[in-house]
Structures are given as structure tokens and as C-alpha cells.
Amino acid sequence: MAKRKKQLPLLEKVMITGVAAEGKAIAKVNDYVVFIPYVAPGDVVDIQLTRKKNSYAEGRVVHFHEYSPQRVEPFCEHFGVCGGCKWQHLPYSEQLKYKNQQVLDNLTRIGKVEMEEVLPILGSERTTFYRNKLEFTFSNKKWLTDEEVRSGATFDCMNAAGFHIPGMFDKVLDINKCWLQSEVSNRVRLAIKAFCLSHEGYPFFDLRNQEGFIRTLMIRNSSTGDLMVVVVFYYEDKEKREALLSYIQEQFPEITSLLYVINEKCNDTITDQEIHVFAGRDHMLEEMEGLKFKVGAKSFYQTNSEQAYNLYKIAREFAGLTGNEIVYDLYTGTGTIANFVSRQAKKVIGIEYVPEAIEDAKVNSSINGIENTSFYAGDMKDILVEDFIKQNGQPDVIITDPPRAGMHDDVINTILNAEPERIVYVSCNPATQARDLNLLSVKYSVKKVRPVDMFPHTHHVENVVLLVKK
């Protein structure tokens with residue numbers, strides 16, 4: 001007979017005292033630190049513990065006794081359920097304060113970094129509809145909210161088009177309106193959903209049982225007015241596929257790239273799948289300071305276009321280029337930073353793991369008439385070796401923008417051996433950045449730090465650091 005799980009305690013009238021990692025808030029009860037989502041410092045709440053360890057616990061709010069004066073009313077009807085935009089209940093000015101503190105805490109506690117100058121966090125001018133890319137899932141496993149469950153209603157249709165519930169790989173919250181991308185994104189998604197529900201032969205996908213037809217949807221838009229829609233099907237049915245895509249084309253003439261994918265794999269990723277053009281171009285164009293950037297369905301481009309420009313301007317300013325420098329741009333992606341700084345450099349060398357991204361980077365240099373860039377595809381730790389540096393020249397400046405995991409130790413050692421005068425480290429994860437800065441500190445001092453908020457209403461924050469050789 002299975003052992004019954006012991007009920008964890010209910011903590012009553014607990015004061016929330018601060019904000020912690022991953023968007024959660026924090027409270028202290030006796031010797032325990034308790035992490036709770038969707039609350040604000042100053043709230044007084046009852047907490048049902050859901051997990052208990054030796055030094056900390058996790059829980060959820062079951063009752064509010066007092067609301068914090070810091071609180072604001074969340075503007076999204078899906079707040080607290082979809083798992084995104086966890087800080088909508090905090091004023092944006094407070095969000096920036098906590099993000100700034102998060103960066104400084106990581107650099108000082110993890111990296112033991114001594115900072116000469118800390119510039120104030122740069123907030124996003126737009127705090128809604130700021131994303132240029134969203135991905136939605138069509139699922140026959142609709143997630144029922146607590147309110148829907150309590151209603152006792154019977155739901156004949158369990159199809160949903162929206163976002164995966166955190167921790168529930170096959171459950172999807174049906175999204176009515178998302179505030180992250182321009183309004184056309186909502187209209188396109190809802191139109192496709194309505195078409196599939198009102199026509200025979202368009203079953204929503206069942207991820208667990210691997211069956212269904214309509215699978216996922218990607219919508220990308222650009223600052224130039226381009227609009228890309230990518231519809232992913234589980235199998236090919238030419239008649240039904242073309243009927244849906246023709247409907248989308250007719251309803252939304254503003255679409256400049258209407259693409260589709262047949263993905264027969266178990267997972268939803270399309271990076272290894274062939275992209276087919278139904279109508280329009282196979283790419284969008286982004287624009288920054290007169291430079292044009294080709295963005296395909298698989299291309300990486302910062303998802304907040306306006307803040308990406310500000311982020312790159314800070315990186316370029318920190319680099320202190322005079323026109324005579326050899327610059328290495330590590331994890332260059334589609335070469336956005338490399339091409340952006342090329343006018344102020346003698347030569348720029350971009351390195352990236354994804355071959356398709358490198359091809360886009362070369363195209364981006366070509367369409368802008370940039371001739372002082374070179375791009376190489378491969379694993380960073382395998383490419384960035386001493387022989388490579390001998391062939392391409394000793395870097396005066398290294399700009400690095402690694403993934404969330406940070407840089408491999410071999411890459412850090414190669415940078416240390418290359419001894420550039422300056423390193424500009426752009427990071428989307430201040431914790432791994434702090435770890436790397438600590439390793440670089442044997443030869444480099446941190447001169448400037450500036451956080452940049454790319455994702456309002458979330459706990460995520462970018463950070464730019466200037467390191468100078470000692």
C-alpha cells in the first residue's frame with residue numbers, strides 16, 4: 001500500500017519581505033526562507049507550503065490579509081496562470097529596482113567582483129507589445145483554471161491555442177489576449193484557431209499520444225513593418241494545409257512571409273526542419289542605424305528590437321573603438337553586433353555554433369556593403385584556439401554574448417591567453433556572468449557595469465560589463 005504523503009503546514013499571516021530569483025518573492029519564518037510566486041514585498045498572506053527542505057521551503061498563497069502598497073493591478077487576464085510576466089503586479093519602477101539589485105548581488109556574491117562604475121539600469125520605453133517573436137502551441141489538452149474547475153462546468157471542447165503551463169509538457173492555456181506582441185499577433189492566432197475549429201479535419205495536436213494535424217505557430221514582426229507567420233503541421237495533407245494557408249493569406253494581406261513546416265518529430269523544435277514558403281519572402285528585414293539585417297524563421301534576433309538597439313549601443317560605447325582595432329565577436333549569432341560595430345573597427349571576426357546563423361551573418365554583411373567582417377561556424381572552444389588567433393590577428397577587443405550557461409572554461413582560458421586590451425561581456429544571466437568574471441579577474445578589472453531591461457514584467461535582465469586588462 002502506497003505511503004500517504006504528509007500534509008505540509010499552512011503558515012498564517014506571513015509578511016513578504018523581498019524579491020528573490022526566478023521572479024519569486026521571499027519571506028522568512030523562524031529559521032526558514034520561503035519562496036512564493038505572484039506576491040509583492042509588503043503583502044501579508046497565508047502560505048500553503050508545497051515543498052520543504054532543510055534550509056528553505058516553497059509555497060503558494062491561499063489567502064491575503066493585507067495587500068502591499070507597492071501593488072498594482074495586473075493588466076492581463078491570464079496573469080498568474082500562463083507562467084509569463086510574473087511581475088505585472090509590481091510597478092515598473094520597482095521591477096527595475098529589483099533587477100538592478102539582482103545584477104549587483106550576483107556580481108558581488110558569486111563573482112566577488114569589484115566594480116569601478118555602476119551605471120543605472122536602462123528601462124524599456126515600451127512595457128507591453130514589445131516582443132518581435134512569439135510561439136504558440138495548438139493542443140487538445142486545454143488547461144482548466146482554478147475558476148473553471150470550481151465552476152463545475154462541463155467543457156465539450158478541450159482544444160487550446162496558447163502557451164504551455166510550466167511543468168506540464170502536454171497542457172496548454174488557451175490565450176485570449178497576450179500583451180507581449182502587437183495586436184495583429186492575437187488576431188492571427190485567433191483566426192487560425194477559429195478556422196480549425198469550424199472546419200473538419202484540423203485536430204489540435206496531442207503531444208502525449210503524438211497525433212493531430214495543427215501543431216504550433218510562430219509569429220515574428222520587425223521594426224520595418226515585416227510580418228512573418230510560420231504554421232507547423234504534424235503531417236502533410238496538401239488540400240487541408242493549402243486551405244488554411246490560403247485563408248490566412250486572404251485575411252491578413254499584411255503578412256510578408258507566410259511559411260510552413262511539416263514536423264513529424266516527437267518534439268516541437270523546428271531548428272532541424274525544412275522551412276517551406278507558401279507566400280512572400282523566406283525572411284524579414286530588421287533595421288538598425290541604417291543597417292539591414294536578414295531574419296529567417298530560424299534566425300536568432302533579440303526579441304525586443306528597440307532595446308536591442310540600446311543594448312548594442314552600450315556594448316559599442318564600452319568597446320571604445322577608434323577604427324584601428326581587431327574585434328572578436330564571440331557567439332555572434334546572425335552577426336548583429338559584429339556588423340553593428342564594423343564601421344568603427346579595422347576588422348571584426350564573428351564566431352557562432354549554428355552554421356545557418358553564420359550564413360545569415362555573411363549575408364547581412366553583404367547586403368550592407370560591409371567588407372571588414374569574417375565569420376566562422378563551429379563550437380567556440382574548438383575554434384577559438386591559438387592557431388585561429390595567429391591566422392586572424394591578435395584581438396584588441398573581444399565582445400562576447402554567450403547563452404545563459406555562460407562561457408566554457410576553455411574559451412575563458414583562450415581569452416586570457418589572447419590578452420585583448422578590453423572585453424565587453426553581454427549576458428542574459430548575471431549569475432553565470434559573475435562566475436566568468438571571477439575567472440577573468442586574474443588579468444582583468446571590471447571598469448563599468450550597466451544592466452538593460454529587455455523583458456518588462458519578468459525577472460530576466462541583461463547586463464553589459466566592460467573589463468580592462470590590468
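S13 covers residues 257-262, and six of its six residues are buried, which makes the strand mostly covered. Helices (DSSP runs of H or I, at least four residues) and strands (runs of E, at least two) are numbered from the N terminus.

This is a predicted model, where local features need pLDDT of at least 70 and side-chain atom pairs count only at pLDDT 80 or more, whereas totals for chains, interfaces and linings use all residues. Residues are numbered from 1 along each chain as its sequence is written, and side-chain values use heavy atoms, with hydrogens and water left out.

Now to the partner of S13. Strands S12 and S13 run parallel and are joined by six bridges; two strands pair if DSSP finds at least two bridges between them. Within this pairing, Val232 has Val261 of S13 as its bridge partner.

## Helix H4 and its two sides

Helix H4 takes in residues 238-251, and its 14 residues should span 20 Å at 1.5 Å a residue; the end C-alpha atoms are 20 Å apart, so the two values agree. The expected span is 1.5 Å times one less than the number of residues.

The buried residues of H4 are Arg241, Leu244, Leu245 and Ile248. Seen down the helix axis, the buried residues of H4 fall within an arc of 90°, so they line one face; the arc is that of the directions from the axis to the C-beta atoms. An α-helix has 3.6 residues a turn, so residues three or four places apart point the same way. On the face turned away from the buried side, H4 carries the exposed residues Glu239 and Glu250. The cover over the buried residues of H4 includes helix H3 (183-198) and strands S11, S12 (227-233), S13 and S14 (276-280).

Leaving aside neighbours within four places in sequence, Asn221 is in contact (heavy atoms within 4.5 Å) with residues including Arg131, Lys133, Asp226 and Glu286.

## The eight-stranded sheet

Eight strands form an open sheet with mixed pairing, in the order S7-S22-S23-S21-S20-S17-S18-S19. Its edge strands are S7 (115-118) and S19 (373-377), each of which pairs on one side only. Neighbouring strands in this sheet are turned by 15° against each other on average, direction ignored.

Inside the sheet, S22 (residues 444-452) and S23 (residues 462-469) run antiparallel and are joined by eight bridges. There, Val446 has Leu467 of S23 as its bridge partner. Helix H7 (residues 355-367) lies across S18 (347-352) and S19, and runs at about 170° to S19. Axes are lines fitted to C-alpha atoms, for helices over the stretch in contact, and angles run from 0 to 180 degrees between N-to-C directions.

## Helix H5 and what covers it

The 15 residues of H5 (residues 305-319) should span 21 Å at 1.5 Å a residue, which agrees with end C-alpha atoms 21 Å apart. Among its buried residues are Leu311, Tyr312, Ile314 and Phe318. The elements covering them include S15 (283-288), H6 (336-341), S20 (397-400), S21 (422-427), S22 and S23. Gly320 follows H5 and has a positive phi, near 60°.

## Two loop threonines

Thr334 sits in the loop between S17 (326-330) and H6, and counts as buried because its relative accessibility is 3%. A polar atom of the Thr334 side chain lies 3.3 Å from the backbone oxygen of Phe300. Beyond four places in sequence, the contacts of Thr334 include Ser299, Asn339, Asp360 and Asn364.

Thr17 is placed in the loop between S1 (10-15) and S2 (18-19), and counts as exposed because its relative accessibility is 52%. Not counting residues up to four places away in sequence, Thr17 touches Ile26, Ala27 and Pro41. Thr17 and Pro41 are 24 residues apart along the chain, and their C-alpha atoms are separated by 4.8 Å.

Definitions and conventions
Buried means under 20% relative accessible area, exposed over 50%, partly exposed in between (1.4 Å probe, protein chains only). A polar contact is a pair of N or O atoms within 3.5 Å; within protein, one must be able to donate a hydrogen and the other to accept it, and residues adjacent in sequence count only if both atoms are side-chain atoms.
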